[in-house]
Amino acid sequence: MSLPPPPTTPPPDRLPRSVPVYQVDAFAERPFAGNPAAVVPLDAWLPDALMQAMAAEHNLSETAFFVPDGPGQWHLRWFTPITEVALCGHATLATAFILASEMGQEGALRFRTASGILGVSREGERFVLDFPANPPRRAACAPQGLAAALGAVPREVWKARDWICLFDKAETVRALAPDHNRIATLPDPGAAGSRVIATAPGDDGVHDIVSRYFAARVGINEDAVTGAAHVQLVPLWAERLGRERLVCRQASARGGTLWCERAGERIRMGGHAVLYARGSVVLPPA
């Protein structure tokens, strides 16, 4: 049986006066850590321009909007302050957390997205995302200006959706002070725009890898914790380290840990989430 089509945008004179909004720290075990995301449940889509304006007002790396899409499934979209994106891990985790903790949804959750069907299940205190893997390939040559933009020369450069820069030491990744304007203008043969991941083996006996993520091109100088980066990183490091399960640390100022597993052509990413705020957005009159 096919699912019903998602709700369409109502006419301007029938838009709601207000909508609920939550702010969640995703991939975090305590407030003020991980990556904050706004989550906006809707009965029907708002106009795209209005959702983009709301995301700009929230000024977080992502605002997630979702509408019902059949039993146990929702249509999910993500907006940075300046554009809609095709995949976002932390805002998906935040959405699942709100559905489970604030809206009483039980069991596995499914989201129809621009990147296909994404699943989220709860395993103990963690939410586990089931995303498509995006294995990188060794780049024939680095884009001109990459090392200068990062302020350090990587040992290797790889490419999936994003440029991936491998360093020998985690301390080098933690110490990077990139020029975000230069990163935003790096040449990129893909349609996603220049985004850069810096990564290295872990050095603390707990985390297998560390990384940082720079995406000024889409309005995020440095993302705090990035699920979409790890669908690229986990295949690379699983091959290098010879194991399917990895504990990954994103070494941003806020920081966050992802418990990851390569499962064939899928990547499972587990993390915690913490509610920071709940409220409502008063929408402008039509």
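Which residue's side chain is joined to that of Thr 226 by a polar contact? The partner is Asp 223, and the contact between the two side chains is 2.8 Å. Good morning, colleagues. Please bear in mind throughout that the structure before you is a predicted model.

Let me stay with Thr 226 for a moment. This residue sits in the loop between S14 and H6. Its relative accessibility is 6%, so Thr 226 counts as buried, the cut-off being under 20%. Beyond its neighbours within four places in sequence, Thr 226 is in contact with Tyr 213 and Gln 250. For a sense of scale, consider Pro 285, which is 59 residues away from Thr 226 along the chain. The C-alpha atoms of Thr 226 and Pro 285 are separated by 35 Å.

The structure holds 1 cavity of 30 Å³ or more. The largest cavity contains about 120 Å³ of space. Its lining is made up of 17 residues, and those closest to the centre are Glu 62, Leu 87, Tyr 213, Asp 223 and Thr 226. Two of these names, Asp 223 and Thr 226, are the partners in the polar contact with which I opened.

Which elements give two or more residues to this lining? They are helix H2, residues 89–101; strand S13, residues 209–215; strand S14, residues 220–223; and helix H6, residues 227–241. Sorted by class, the lining comprises 9 nonpolar, 4 polar and 4 charged residues.

I turn now to Arg 262. This residue belongs to strand S16, which covers residues 256–263. Is Arg 262 buried or exposed? With 17% relative accessibility, below the 20% limit, Arg 262 counts as buried. Its side chain makes polar contacts with two glutamate side chains: that of Glu 239, at 2.7 Å, and that of Glu 244, at 2.8 Å. Setting aside residues up to four places away in sequence, Arg 262 touches both of these glutamates, together with Val 234, Pro 235, Ala 238 and Ile 267.

The next item is strand S10, residues 156–159. Glu 156 and Trp 158 point one way from this strand, Val 157 and Lys 159 point the other way, and all are buried. S10 pairs in the antiparallel sense with strand S9, residues 137–138, over 2 bridges. S10 also pairs in the antiparallel sense with strand S11, residues 163–166, over 4 bridges. Trp 158 takes part in both pairings: Trp 158 is the bridge partner of Arg 138, and the bridge partner of Trp 158 in S11 is Ile 164.

Finally, I draw your attention to two backbone angles. Most residues other than glycine have a negative phi. Phe 32, however, has a positive phi, near 70°. This residue is found in the loop between strand S1, residues 18–26, and strand S2, residues 35–41. Asn 59 likewise has a positive phi, in this case near 55°. Its place is the loop between helix H1, residues 48–58, and strand S3, residues 62–68. What is the relative accessible area of Phe 32? The value is 57%, so Phe 32 is exposed, the threshold being over 50%. Asn 59 is exposed as well, with a relative accessible area of 57%.

Thank you for your attention.

Conventions. Residues numbered from 1 in each chain as written. Predicted model: local features only at pLDDT ≥ 70, side-chain atom pairs only at ≥ 80, totals over all residues. Heavy atoms only, no water. Buried < 20%, exposed > 50% of the residue type's maximum accessible area, 1.4 Å probe, protein only. Polar contact = N/O pair within 3.5 Å; in protein donor to acceptor, adjacent residues only side chain to side chain. Contact = heavy atoms within 4.5 Å. Pairing = 2+ DSSP bridges. 1 Å grid on protein atoms, 1.4 Å probe; cavity = no way out; pocket = protein on both sides within 12 Å on 5 of 7 lines; lining within 4 Å. Points joined across faces, edges and corners; volume = space filled by probe spheres on them. Nonpolar A, V, L, I, M, F, W, Y, C, P; charged D, E, K, R; others polar.
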